[in-house]
Amino acid sequence: MTAEVTREPEGAAARPVAGGVVRGRLVRPGGVLPIVVILALLLVLIAIQQPDFFQPASLLSFLGRSAPIIILAAGQYFVIVSGEFDLSVGSLVTAQVVVAARLIDSDPGRTWPVVLLLFGFGLLVGVANGLVTTTLRVPSFITTLGMYLILVGAVYLWSDGAPRGGLSDEFRRFGRLAFEDVPLLGRLPYALLVLLAVAVLLLLFSRSDAGRTLVAVGDNPRTAELTGVRVGRTKTVAFVISGLAATVAAILLGGYSGVSFQAGLGLEFTAITAVVLGGVALGGGRGALLGAMLGALTLETLFTLMNFYGVSGALKSTVQGLIILAAVSVGALRRR
Amino acid sequence: MVTIRSETAESGGDPPLLELRGITKAFLDVRVLHGIDLDLRRGEVHAVVGENGAGKSTLMKIISGVYPPDGGSVALDGRPVSFRSPRQAQSAGVGIIHQEFNLLPERTVAENVFLGHEPLRRGLVDTRTMLRRTAELLDAVGETSFAPTARVGGLGVARQQVVEIVKALALDARLLIMDEPTAALADHEVELLYGLVRRLQERGIGVLYVSHRLVEVFDLSSRITVLKDGRRVTTVPTARTSQDQLVRHMVGRELAHYYPPRAEPGRADEVRLSIRNGANDRLRGVDLDLRAGEVLGIAGLQGSGRSALARAVFGVAPFTSGEVRLGGRPVRLRTVRSAVRAGIVYITEDRKGEGIAARQSVLDNALLAGRAVFPRWAGRAARTVRVRELLAAVEVRAAGDQQEIRFLSGGNQQKVVLARWLALSPRVLLFDEPTRGIDVGAKSAIHDLVRRLARDGAAVLMISSELPELLGMSDRIVVMRDGAVAGELPAQATEEDVMGLATGAVRGEPR
Amino acid sequence: MTAAPSAPQRTPAVPRREVRTLRTAVGADPARGVFVALALTLAIGWVVVALDGGQLLNQSSVVSLLHVATGLGLVAAGQTLVILGGSLDLSVGYVVSLSTLIAAETMNGSDSRIGPAILLVMAVSVAVGLVNGFLVATVGINAFIATLGVGLLLKGYLENGYDGPAGSTAPTLVQTLGYQRVGPVPVAFLLFLAVAAAIWFALRRTRYGHHLVAVGGDAQVARLSGVRNDRVLILSHVLCALCAGLAGVYLASRLGSGAPRVGVESFYDLESIAAVVLGGAALAGGRGGVVGTVGGVLLLASVDSVFNQLDVDAFFKQVVRGVIIIAAVALYARRRHRRHRERNGARS
Amino acid sequence: MRRPGIAVALASVATLVLAGCATDTPTPNPSQSGATADAGTGVQSKFFVQADYDREIALLGATATGPADRPWEQVLDPRPVDTAKYKKPGPYKVCFSNAALNNPWRQVGFKTMQAEVEAQRALIKEFVHVDAEGKDPKQITDINDLLGKGCDALIVSPNTTATLTPAVETACAKGIPVVVFDRGVDTDCPVTFINPIGGYGFGHVGAEFLSQKVPSGGKVLALRILPGVDVLETRWSAAKVQFDKANVNVVGVEFTDGDPAKTKTIVTNYLQRHGTIDGIWMDAGATAVAAVEAFQDAGKPLPAINGEDQLDFLKLWKDKQLTAIAPTYPTYQWRTPVLAALKILRGEPVSSPWKLPQPTITQDNLDRYVDEAMPPLHYAMCGCTDLPGYPQRWK
C-alpha cells in the first residue's frame, strides 16, 4: 500500500472550521471573556458612584476581603470541572473557624500547631468526600450534602451550641493585617498575598498534567479510565483541593472577622454560583480556573456595588438573583 | 473533483414517496450539505453511501426533523413539508433508526416502542393495547425470544436493534431511515435484518439505507446515492454499478487494493504476549500467543468474548486466573495503568463512549494518555511537540489542534486516539473494531497504519466483525466462542472457515 | 455466570423473570429498600425508646410523625417529578413560605375566601413553576443555578415585605386541614397520600409520566422519539411548584397564619431532595418513583420522632441524618452497580 | 461576542436602577441628608405600633417590685392573677417546648434554665425538653407530643408569635398550666407571659445614647441582622423614632445577617465612603466586635457604639475604653418560667403578664459584668452566678 490513500489533497475536506485557534480559545464555551466583560461593567458602575474605590489602598483592601471567597471558588472549580459538586465547603469553613478558636483558646503558642491541624482536617474531609463519591458511587451532591449536615451537626455538638475559646492575634493577622506603607500601593493586606500564592499554585496545578487530566475526567470519565487515569484518585484530589482551599478561606475569614457560627454560612452556594458565573459548566469537562476566580471577584464586586448604590438590604437577594440569572441565561443561550 | 451527474430516477406520473431538492445545511458557518437532491419510491430500498463527514447523517436528520434545512425543499407524496421536530416527522410517517441506539435501558420493550406516541384510552395510556401491539409487531418481524414487558437494558445488542426497528414500525412509518443499522450487529444477525428489510419493502415502505458496508448495500438496495463532502456525486441503479466503482465515487479515486501486504512469512517469531489458561467471569481457559511483527485477527460472534479478551489483557476487566507473559516475563495486569506502563494499549470499539473526551481539544485528547500515566512537569513541551508530529503523521484533519474533538469526523477522531497511543511507543496494540463507523478513505489509512506498526515490530491484535477486513489484514486468525478459543486459522482461511468455528458448526483442532 | 450466551441458543424468556423486570422498571424495587429501612428504624427506635421508659408509637407521637411527614411529603412528592426528569428545584422552600402568606392573607380569617385564596396560591405557584421550567428547559440553564436564582428573587420579596407571620387562615381550614384527624391519621396526611397516589398514577398511566421518565433517562432518546422535552420539563416544574404551594396551604392551616420563613427554616429544599433520593431515585433522573419518596419521607420523619422521644440533641440528629442519607445512597449505588455489571456481562 | 456583554450590561443596569429607585425614593441620598427633615432612617417600619412603643418606653423608667439582686424574680407593673386551681402536690413533671437552640443567646439561656431546674430538684422530678430547631411546624407537633406525656406544667418559648397561638390554645384547653416566655402568643390563655420590657426599649436605649454622644452633624450607621423578624423590627423602629427626634444624621441602614465578616465589610465600605463614622447603632450585639475591628483596621477613631451584654464586646469596651452602652435582652429570663411554673403549681399568685426589668450596662457598672474567665460569647446578664454548676456549665 502506498501513501496515496492517506496523502489526500488537502482540498475541501481539510478546510478549516471557521474561526481558527485564536477565536476558538476566547469565544468557545467556558472561555473567560464573558466574565471579564461583566466584571468590567460592574467596575464602571462603581466608578460612576464611588470613584475613590479605585485608589490603590481601598482597591487592595477590597481584594484582600474578597480573597477567601475567591479561594473557595478556586477550590470548588476543580471539583466542578471534574464533574462533581462540593456542598460541604461552607460548613467546613465554619467548622474550621470554630475548631481553631476552641483549640487555640487565645493562646498564641498554639497557633501554628492548630493551623497545621486545620489543614489536616481539611484534607481529611476532602478525602472522605472523594472516597465516598468514587468508591461508594454516591453522587457528590448527596455525599457533600451529607457531609454538610454532619459537619454542622458535629461542630455544634462539639462546641455545645456556641463557639468557645478565641483566636490568637497570630492566627488573625492573615485575614486582618497588612503590610503598611508599601511604596505606591500603600497598604498591602496579607490576605491578598495569600490569595496570590494560592492562585499561582492552583494555576500551575491546573496547567500541569494532573490538572489537565482532571478536566478530561470531568468530560468523560470512561475515556479517562480506559486511558490509564485513576479516575477515583483524580476526583478525590479535586475534593482534597477544595477541602484545603476551604481551610485557607477559613483561616482568612476567621482572621478577618473572628469566630462565629456564621463564618461559612451559605458559602457553598456562593462558591458554586461564582464558578458557574465564570463560565465553568456544571457537570464537568469545561471551564477555566481563572474564570472561576473572576466569577467570585465579580460576585464580591456586585455586593460592593449594591452597597454603594444603596440597594435596600431586603432587596439585595432579588437583585443578586436577577443578575445571576441574566448572566447565566446569556451564557446558556450563547451555547445553543 | 469531478461531479458525475447521472440519472435521477423518475418513474413518471405518481410523485415519489420522498423528494429532496437542493437541501443545504451549515453548522457554525461550515457548510455540510450543498444542494442535495434525492428521491425515494414506495417499496424501494435506496442506499446512501459516502465517507464519514460526507453528510449522510446530517441529511437523514433533516429528513426526520431533527434539524431544519437551511435551504431547499422536502416533499412527501409530492406535498412540501417542513418538519420542525422529530415529532412532526413521525406523525407524517417518517421513522428513523439512528446510528446510536435510541432506547431507554430502564424501561420495558413496550414502553420504548411506544415512547412519544403511547396509545390512549380515555386520556390515559392504554397499557394493554401497548403490550398487545408490541407483541404483534414483534411477531411480525419474527422475534419471539423476549416479551414486550422485558426490560430493554437486559437484552443483548441484536435484540435491542430489533426493538429499535419495531419502534420505528410502530409509527406506521411509510418511510424508514436506517442509519448504519448493522454497526453493532454480528454477521449472522445482519441476515435477520435483511429479512426484516425485505418484509418492510413488501409492505410498500420506502427505506433509506445508510451504511458503510458495501456488501449490504449491494444485497439490499435498488438504487444507490453517493455523497462526498456534502455534495451528491451520483445516484445509480445498484444493478449497474460495482463495489469498485462505488468506492471510486466515494473517495474520488481508484483503489489499487483494499489491504496492505502482509508481513514476510517467518519474520514474526518473538512471542511478545502470551496468555496461558486465562480466565475471568467472561473468559475461560484462554491460551494465546501474540508475536512481535504480526497482526493477529480475533473473530467471533457478538458476546463470544473477543472484547473481553482484549479488555482482560488491558486490565479493564482483568483475568482472575491464568498467566500472562510479556516478552517472556510474567506480568500482572490488574489495572489499565499497569497495562499501559507495560507497553500495552487498547483502542476501544466505543469511540464516543470511552475513546474520546468530546469537549476537550484535539491536542488534549492526544496528550491524555501521556499526561495520565507518565505525568511530568519538565519535558512537557517536548512531549507536546512529539504528539503534534504524530497528529500530523496520521493526517488528522481539523481546524487546528485546539479544536474540540467532537467536531471531527469519526475517522479523524480515531486518528487522534491512535496518535494518543502511538506517543507512548507501545509494544502491544489491541484494536477493537478499529474501523467501525469509519469512512473508506480513513479506513484504508488505518489499515495501512496497523500494518506499518506490525512491520516496525509491534505486536498487533485486531478484533473485527467485518470478516473481509479480518481476512485481509490478519497474519493469523483466532476464533472465539463462548468465552474460549474455538480454534486458530491461517491467513488464507475463508469466511466459511471462520463462521464454522464461530458458530460451533465445526470443531477446532484440539490444542 | 460463566460465559455470555451465544446467539444460536435463543432461550425463550422465562415469564416470571419478565414480570420482575417490569416491576423494576416502574420503580417499585428501589422503594423496597427504603421501606425495609423504615421498618428497621421503627423497630429499633421502639426498642430503644422502650428501654428509655417511653413508648415510640403512642397516639400523639404518631400524629406528630404524620404531620412532620405531611409538610415534607407534599414538597418531596413534587420534587420527585423534577428529579425524575433530571432537574431539581431549590426554590421550593421559598414557594412554600410565599404560599402560606398568600393563603392566609387572602383568606384573612374568613371561610368564604378559602376558594379564591387557594386559586391564588395555585396561580402564583404555577407562575413560579413556569419561570423555573422556562429557565431550565427553554433557556437551558443548569437547574441548580436557575432555581437557586429564582429562590433568591423570592427571598428578597419575602424579606422586604414581611417581618413575621401575617394574615390569618380561615378557621374551617385550620380545623380540617390543620388539625382534624381520622384516628391517629391527620386529614392532611391523607391529602398527601392522595397527591402521592395521583402522581404515582400519572407516572404510570399518562403520556406525561412516560415521557418524563424518558426525558430524565435520556433526553436525546426522548427527543428523537418525538417527546417534547421542554414541555415535559416545564410541566414538571409547574407541578413541583404546585405541590410546594399545596404544602404552603397545609402549613398555613397548621400555623393559622402565613409564615415568611417557614419553608426555609424547615430546609424543605434540601430535605425534599434527600427524601426523594432516599426513596431510591437517581439524582440524574430517569429512575425512581413517588412510592419511594413516600418511604423516604416517612423514614426521615421516623428518625425525627425517635430522636425527639429520646430528647437527643438536635445537632446529633443532624449528624445521624447526614450519615443515613449517604449510607442509603451508597447501598442503592452498590446494587445498581452490580446489576450494571451483569448487564455488561451479557453484552460483551 | 459583544451581544451577550451588552445584554448583561442592560440587565445589570436595569436591575440596579429598579432596585435603587425602589429604595432611593423614600431614602434621599445619604450625603445630602441632614438638611432635610428625614434623617436617612427611611420610612417608619410598617410593623411599628405606637401604643406598644409608648408602653415600653414608660416601663424603662418604672421601678420593679421584688428583690433588687434577683432581677429574674422582679416584676414591673405587677398584675397578680389567682392560680389556686392549678395547685397540686409535688414533685412535678415540667415540660418545655423550646423554639430553638441555634444561637449563643439561647444556649446560655437554656443552660441557665437547666441549672435552675437542678436547683429546684426537690420540687421537679422530671424535666422534659424538646427542641423545635427553629421550625414552626415542628414546635406545633412538639407541643402536641408533650401533651401526651402527662406534664404538670408546660413552658413554651414560641418560635413565632402568631403561628404558635393555636398550639398553645390547644395546650391551655387540656387544663394544664402554660407559661410562655421570650416571644408571646396571641392569646390570653397561658397563665402568664414572661418577658423583659422588649425590643422598643432595647432599640431606644442605644439610640438615645448615640444621640447624646455623637456630636451634632455626626454620622451614624445602623446595622441590623435581618429584615422581616418582628423582635428585630421593633428595635430598629424605636431607634428610628429616637434618631428622627434628635435629628441624628443616619448615613445608612444595613443588614449583616449576623455575619461578622459581612459586618466588617459593610463598615469598611462606609468608612471609605464617608471618611468617618461617629456612631454605630446595632439591633443585636453579636457583631459589635467586628464593627469596632473595622474601625481599628482602617485606623479610624473608634465610634460611639451600642452592643449587647456578650462578654467579647464588654471586654473590648473595657480594654479600648469605648464610648459604649449595652442595652440587654437578659438571658436571666430563662430562670423565671421555671420559678413561675412552680409558683403556679403551688397555687401562689403570679403576675400576668410578668414584665422583667431590662437592665442596661453602662460605663458606670461595666466592671461588674466583665468576667475574664468566661467565654467570649457568654451573656453577662445571665443571672446565673448563684446557680449550681457555675461557672463550668456555661464554659
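Within chain C of this predicted model, residues 24 or more positions apart account for 80% of the contacts with a separation of 6 or more. The secondary structure of chain C consists of 15 helices and 2 strands. Of the 348 residues in chain C, 61% are buried.

The contact between chain C and chain D involves 30 residues from chain C and 29 residues from chain D. On the side of chain C that touches chain D, at least two residues each are supplied by helix H3 (59–84), helix H6 (143–161), helix H11 (229–255) and helix H12 (262–265) of chain C. The most is given by H3(C), with 8 residues. By residue class, this side of chain C comprises 12 nonpolar, 13 polar and 5 charged residues.

Chain B was examined at the level of its domains. The assignment divides chain B into domain 1 (16–93 + 175–182 + 203–251), domain 2 (100–171) and domain 3 (271–503). A distance of 26 Å separates the C-alpha centres of domain 1 and domain 2 of chain B. The contact between these two domains draws 4 residues from domain 1 of chain B and 5 residues from domain 2 of chain B. On the side of domain 1 of chain B that touches domain 2 of chain B, the residues divide into 2 nonpolar, 1 polar and 1 charged.

Terms used:
Residues are numbered from 1 along each chain as its sequence is written. Chains are lettered from A and ligands numbered from 1 in the order in which they are written. This is a predicted model: local features need pLDDT of at least 70, side-chain atom pairs count only at pLDDT 80 or more; totals for chains, interfaces and linings use all residues. Two residues are in contact if their C-beta atoms, placed from the backbone, lie within 7 Å. Helices (H or I, at least four residues) and strands (E, at least two) are DSSP runs, numbered from the N terminus. Ala, Val, Leu, Ile, Met, Phe, Trp, Tyr, Cys and Pro count as nonpolar, Asp, Glu, Lys and Arg as charged, and the others, Gly among them, as polar. A residue is buried if 20 or more other C-beta atoms lie within 10 Å of its own, exposed if 12 or fewer, and partly exposed in between; C-beta atoms are placed from the backbone. Domain bounds come from an automatic or database domain assignment.
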